[in-house]
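Subject: Handover of a structure and notes on its contents

Dear colleague,

Please find below the sequence and structure that I am handing over to you. My notes on what was found follow directly after.

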Amino acid sequence: QAIFPNAQQVAVFDTAFHQTIPMKAFLYALPYALYQNEGVRRYGFHGTSHSYVAEESARFLGRSLHELDLITIHLGNGASMAAIKRGRCVDTTMGMTPLEGLVMGTRSGDVDPALPFFLANHLNMTLREIDRLLNQESGLKGLCGINDMREVMKQIRAGNIQADIALQVYCYRIKKYIGAYFAVLENLDAI
């Protein structure tokens, strides 16, 4: 406001697009009171990107978004997917935080929920250290030391086996979610 005092300001919530996800997809199998009292649920992220990609897909296909079943994929240092049925998001890979879902540049994506307990009990890691590990030291970076896909690809061409393994894990998770979202949608017009 100090720099642009006359500019109209607008807040766009990155999770808003995912608010159409049905309860069966956004609830965690935890005591229901955690959802009721604390709002513990899957919210999803990258909503503005998924909304834009869905709208552009409909435009490209020359059809109404409200008649299409789509899987949108947001790939970057952060990565997510969304299942969109007739213009409404019905599932997304990110959860209550952006950590859940696909392998990302530095985020692990899906892991066994008991993994933090193992790290704390066997390696004496603190919650802060575990949070840093899962959000900033994992994903592509954890698998091969590099979080930029362009550099991962260069390393693969140079014969780096760890980079190749990282790419395989990254692609496998995407493939797995495409299959899951095809099953959720029961029909698919475009990815």
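**A buried histidine**

H18 belongs to the segment that precedes helix α1 (23-26); helices (H or I, at least four residues) and strands (E, at least two) are DSSP runs, numbered from the N terminus. This is a predicted model, in which local features need pLDDT of at least 70 and side-chain atom pairs count only at pLDDT 80 or more, while totals for chains, interfaces and linings use all residues. Residues are numbered from 1 along each chain as its sequence is written, and side-chain values use heavy atoms, with hydrogens and water left out.

Is H18 buried or exposed? H18 is buried, because its relative accessible area is 0%; buried means under 20% relative accessible area, exposed over 50%, and partly exposed in between (1.4 Å probe, protein chains only). A polar atom of the H18 side chain lies 2.9 Å from the backbone oxygen of F45. Leaving aside residues up to four places away in sequence, H18 touches R41, Y43, G44, F45, H46, G47, H50, A82, C89 and T92, where contact means heavy atoms within 4.5 Å.

**The sheet and its helices**

The model contains an open sheet of 3 strands in the order β1-β2-β3, with antiparallel pairing; two strands pair if DSSP finds at least two bridges between them. The edge strands, each pairing on one side only, are β1 (69-74) and β3 (88-92). On average, neighbouring strands of this sheet are turned by 25° against each other, direction ignored. Axes are lines fitted to C-alpha atoms, for helices over the stretch in contact, and angles run from 0 to 180 degrees between N-to-C directions.

β1 and β2 are joined by 6 bridges, and a hairpin connects β1 to β2 through 5 residues. Within this pairing, I71 has A83 in β2 as its bridge partner.

The buried residues of α3 are G47, S49, H50, S51, A54 and A58, and what covers them includes β1 and β2. After α3 comes G62, whose phi is positive, near 70°. Helix α8 (residues 161-185) lies across β1, β2 and β3 and runs at about 15° to β2.

**Nonpolar cores**

Which residues have the most contacts inside the largest nonpolar core? This core has 22 residues, and those with the most contacts inside it are M81, L102, C144, V152, Y170 and Y181. A nonpolar core is a set of buried Ala, Val, Leu, Ile, Met, Phe, Trp, Tyr and Cys residues joined through side-chain atoms within 4.5 Å. The elements giving two or more residues to this core are β2, α6 (139-144) and α8, and the largest share, 8 residues, comes from α8. Apart from this core lies another, of 13 residues, among them F17, I84, C89 and A190. M81 has contacts that include H50, I71, L102, I174 and Y181.

**A partly exposed lysine**

K154 lies in helix α7 (residues 149-157). K154 is partly exposed, because its relative accessible area is 46%. Between K154 and Q19 there are 39 Å in space, C-alpha to C-alpha, and the two are 135 residues apart in sequence.

With kind regards

How values were computed. A polar contact is a pair of N or O atoms within 3.5 Å; within protein, one must be able to donate a hydrogen and the other to accept it, and residues adjacent in sequence count only if both atoms are side-chain atoms.
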